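Let's take a friendly walk through a protein model together. Have a look at the sequence and the structure below, and then read on.

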Amino acid sequence: MLVVVAGKVDIGRKRTCNQDKILICDKRVGSLPNLLIVADGVGGDNSGEVASELAIDSFYDYITEHEGADLSTPELIANLLTRAISHANYVVFERSQQDAQCKGMGTTFTLATVIGEHMYISHVGDTRVYVMNNKQVIQLTTDHSLVQEMFESGILTREEVFNHPMGHYITRAVGTAHKIKVDNIMCELKHVEYILLCSDGLTSMINENDLKEIVYSKKEVELEMIVENLINEANSRGGPDNIAVILAKKCEVI
């Protein structure tokens, strides 16, 4: 299976600093055949930008240093990804303890890698992964956020969660504590056409139906143009936050 990928980060309309970072590797990284990451930094001044970049760099270094890792089972894949995120968490946390300007910084961290017929996701925070075809959009990740907890407790409805004023409060982030809990997800790609990784700068402005409509609005459009259209739509609705988008399209090997 081949996956074609495009991605972009936009500062948005209201922010003066861009704390979102992405990584797109469509070739082998260590034992992984490919790697997609979105990280949305949190923290005062520029420390969120430091956290997201440092987390991606330290995760990447860990994966490349473990090139011979055994990935023969889903459990072994999830274990490698979790250990790499735990390493990134340690690096970011230590930096926050040693540098007063970085105190309290952290970052969401969501990655995907396609291995064979499956996609493996590791996830911390409220950056999301969606899969879609021309019939439906499915959110694979669960936000680690205050409003998600309120929804699960029955305090908020699904409609009230969308664009809630407290939607940016996350309950889990890389680098804010000595240890981190990671969600791991495996998804079969048989009926999937598009894979979308994005920060809340996109999802707080555009709901799932609109995401699908934009992705499928025109036939034979380059992925880069679809990414631009998604970002432009979020900005047209106010663009209050940085916007990070990675869009991948599955292409069968002929």
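In strand E6, histidine 123 is the bridge partner of threonine 110. The model is predicted, so local features need pLDDT of at least 70 and side-chain atom pairs count only at pLDDT 80 or more, while totals for chains, interfaces and linings use all residues. Residues are numbered from 1 along each chain as its sequence is written, and side-chain values use heavy atoms, with hydrogens and water left out.

Strands (E, at least two residues) and helices (H or I, at least four) are DSSP runs numbered from the N terminus. Two strands pair if DSSP finds at least two bridges between them.

| Strand pair | Sense | Bridges |
|---|---|---|
| E2 and E3 | antiparallel | 6 bridges |
| E3 and E4 | antiparallel | 2 bridges |
| E3 and E5 | antiparallel | 3 bridges |
| E5 and E6 | antiparallel | 7 bridges |

Let's start with E3. Its alanine 39 is the bridge partner of lysine 21, and valine 42 stands opposite glycine 106 in E4. Towards E5, isoleucine 37 has leucine 111 as its bridge partner, and valine 38 stands opposite threonine 110.

Are these strands mostly covered or mostly open? Buried means under 20% relative accessible area, exposed over 50%, and partly exposed in between (1.4 Å probe, protein chains only). E3 has 7 of its 8 residues buried, and in E5 the count is 6 of 7. The hairpin of E5 and E6 has 2 residues between the strands, and glycine 116 there takes a positive phi near 65°.

Now for helix H2, residues 74-98. The expected span of a helix is 1.5 Å times one less than its number of residues. For the 25 residues of H2 that gives 36 Å, which agrees with the 36 Å between its end C-alpha atoms. Its buried residues include Ile77, Leu81, Ala84 and Ala88. An α-helix has 3.6 residues a turn, so residues three or four places apart point the same way. The buried residues of H2 pack against helix H1, strand E5 and strand E6, where contact means heavy atoms within 4.5 Å.

Arginine 28 lies in the loop between E2 and E3. This residue counts as exposed because its relative accessibility is 56%. Arginine 28 and alanine 88 are 60 residues apart in sequence and 20 Å apart in space, C-alpha to C-alpha.
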